[in-house]
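Hi,

Here is the structure I promised to pass on to you. Have a look at it first, and then read my notes below.

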Amino acid sequence: MTIVTTSRKPIPELRSLAKDFAFAAGSQYIIRGKAGLPEINSLDPHIIIFRLYQGTTLSLELHAAGDPGILLIISQIRNAVREGPRLGIQVNDPSIYERLEPYIPVKLSEDGEESCIFDGTRSRRYLLSLKIHEA
């Protein structure tokens with residue numbers, strides 16, 4: 001099971017996003033605190049870290065033990081009220097699907113304008129625009 005966490009001192013919106021993402025993925029959310037990546041990696045080899053990229057842009061990093069992280073930039077976040085059953089996590093970009101699939105249960109969908117849709121707690125639906133960061 002993948003662990004979802006945040007940077008050490010996340011803004012409240014980032015913490016809420018990470019908790020709801022973990023809920024949608026059926027993953028464990030861990031409060032990072034002072035824990036380093038090796039400490040978290042000892043609990044599970046797969047880690048997803050939500051953080052601010054370059055101080056202003058939200059991102060999520062996919063880490064597998066021994067591999068360099070894959071960075072996905074969150075260029076836009078919208079919230080909606082969920083009506084009906086939960087969707088789980090859906091993406092409409094095959095390259096993003098391929099990167100997320102080893103970490104979490106994700107569905108490839110051709111519906112919607114956003115590249116990632118998931119349902120959090122409290123009837124909240126997130127619509128994210130994700131882009132793969134090419135270093």
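Phe 118 touches Leu 17, Asp 20, Phe 21, Ala 24, Gly 88, Ile 89, Arg 124, Arg 125, Tyr 126 and Leu 128, leaving aside residues up to four places away in sequence; a contact here means heavy atoms within 4.5 Å. Before you go further: this is a predicted model, where local features need pLDDT of at least 70 and side-chain atom pairs count only at pLDDT 80 or more, while totals for chains, interfaces and linings use all residues. Residues are numbered from 1 along each chain as its sequence is written, and side-chain values use heavy atoms, with hydrogens and water left out.

Now the core. Phe 118 is among the residues with the most contacts inside the largest nonpolar core, which has 29 residues; Ile 48, Phe 50, Leu 60, Ile 89, Leu 100 and Ile 104 are the others. Such a core is a set of buried Ala, Val, Leu, Ile, Met, Phe, Trp, Tyr and Cys residues joined through side-chain atoms within 4.5 Å, and buried means under 20% relative accessible area with a 1.4 Å probe, protein chains only. Helix H1 (12-25) and strand E3 (46-53) are among the elements giving two or more residues to this core, and H1 gives the most, with seven. Helices (H or I, at least four residues) and strands (E, at least two) are DSSP runs, numbered from the N terminus. Apart from this core lies another, of six residues, including Ile 3, Ala 35, Ile 47 and Ile 49.

Next, the sheet. Nine strands form an open sheet in the order E2-E1-E3-E4-E5-E9-E8-E6-E7, with mixed pairing; two strands pair if DSSP finds at least two bridges between them. Why is one side of E2 and of E7 left without a neighbour in the sheet? Both stand at the edges, each with a single partner strand. E5 and E9 run antiparallel and are joined by nine bridges, and Ile 74 has Leu 130 in E9 as its bridge partner.

Is Ser 59 buried or exposed? This residue of strand E4 (57-64) has 0% relative accessibility, so Ser 59 counts as buried. Its contacts include Phe 50, Leu 52, Leu 72 and Ile 74.

One last thing: the structure holds one cavity of 30 Å³ or more. On a 1 Å grid over the protein atoms alone, a cavity is a set of points where a 1.4 Å probe fits but cannot get out, and lining residues have an atom within 4 Å of a point. Gln 90, Ser 109 and Cys 116 are among the residues lining the largest cavity.

Cheers

How values were computed: On a 1 Å grid over the protein atoms alone, a cavity is a set of points where a 1.4 Å probe fits but cannot get out, and a pocket is an open set with protein on both sides within 12 Å along at least five of seven lines; lining residues have an atom within 4 Å of a point. Grid points are joined across faces, edges and corners, and a volume is the space filled by probe spheres set on the points. Buried means under 20% relative accessible area, exposed over 50%, partly exposed in between (1.4 Å probe, protein chains only).
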